[in-house]
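My notes follow in the order in which I looked things up.

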Amino acid sequence: TSGLAFVSGRLITHNDRNNTNELFAIDTSNGNITNTFVLAGAENHDWEDLANNEHYLFVGDIGNNHGDRTDLKIYIVEKARFDFSRNQSTVIPKGVINYHYPEQIEFEPGSSHNWDAEGLIYLRGYLYIFMKHRTDQLGSLYRIPAEEGEHEAELLGKFNAGHRITGADISRDEKQIALVGYNKSGNCVLWLFENFSLDNPLSGSKRKIVLGTFAELGQIEAVVYESESSLLLSAEAVNGIPARLYRLQL
């Protein structure tokens, strides 16, 4: 489980790289999969997060573990196309957003780079992409227009994340942004951004909350606002620990 979002009040998640091109609706009371949606014509190179607005779900094929991808993209899916009356169905994307980072000039595969991305939010016509740094303790933020076409991502800045950022969401009133991240040898954390300008989420106040150790909680990969005061966080299966869903009251 690498991304989370709500569609018609149902919790949606997905797997990440080299898995199927499917979205899953999860019953939050027992963890059962209630619906499976195949995203027609899409390939799961490395789906890492979901974002949405009133009409669309954005599926971020933005993961770049080895730093060598030149085919980063985000699928645009109309929420009205999700049929929750059927256990399995196909959803056809409305369009595709292709983009690149102008600052990236090296594409040799490796594990020491800062071009992996795992957090995605929608805000006022733009998609904001939070980067997972592998060479330092920082986190970069880029944005692109939330519309079909080829786009050059705009670098808005960096902040002292201290952990690898793996998921993001924004509250419905657009006043708070939540990020999750971890260090495998240390803690899982939640970042809360507030009092930011609508054109740069890094411009406001930032607060870090330690959730617990990686060994206790697992590999936290996604976060979504269940309400203004409640978050859901998911952790993917790791080291024999099954995938988990947590609720956090703010």
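**Surface and overall build**

I began with the accessible surface of the protein chain, which comes to about 10900 Å², with 44% of it belonging to carbon and sulfur atoms; such areas come from the Shrake-Rupley method with a 1.4 Å probe, and for residues only the protein chains shown count as cover. I noted that this is a predicted model, in which local features need pLDDT of at least 70 and side-chain atom pairs count only at pLDDT 80 or more, while totals for chains, interfaces and linings use all residues. Residues are numbered from 1 along each chain as its sequence is written, and side-chain values use heavy atoms, with hydrogens and water left out.

For the secondary structure I found 1 helix and 21 strands in the protein chain, these being DSSP runs numbered from the N terminus (helices H or I, at least four residues; strands E, at least two). The radius of gyration is 17 Å, close to the 18 Å from the globule rule for 250 residues, so the protein chain is as compact as a globular protein of that length; the radius is taken over C-alpha atoms, and the rule is 2.2 Å times the number of residues to the power 0.38. I also noted that the C-alpha trace spans about 45 × 40 × 35 Å along its principal axes.

**Burial and contacts**

I found that buried residues make up 55% of the 250 residues, where buried means under 20% relative accessible area (1.4 Å probe, protein chains only). Of the contacts with a separation of 6 or more, 49% are accounted for by residues 24 or more positions apart, a contact being heavy atoms within 4.5 Å.

**Aromatic rings**

I then counted 14 aromatic pairs, using rings of Phe, Tyr and Trp (its six-membered ring) with centres within 6.5 Å, where planes under 30 degrees apart count as stacked, over 60 as edge-to-face and the rest as tilted. Tyr101 and Tyr142 form a tilted pair, 4.7 Å centre to centre with 55° between the planes. Tyr101 sits in the loop between strand 9 (95-100) and strand 10 (116-123), and Tyr142 in strand 12 (residues 139-145), 41 residues apart. Tyr101 counts as buried at 3% relative accessibility, and Tyr142 counts as buried at 3%.

Which way do the rings of Phe159 and Trp191 meet? Their centres are 5.3 Å apart and their planes at 90°, so I recorded the pair as edge-to-face. Phe159 lies in strand 14 (residues 154-159) and Trp191 in strand 17 (residues 187-194), so the pair ties together parts 32 residues apart in sequence. Both Phe159 and Trp191 are buried.

Conventions. Buried < 20%, exposed > 50% of the residue type's maximum accessible area, 1.4 Å probe, protein only.
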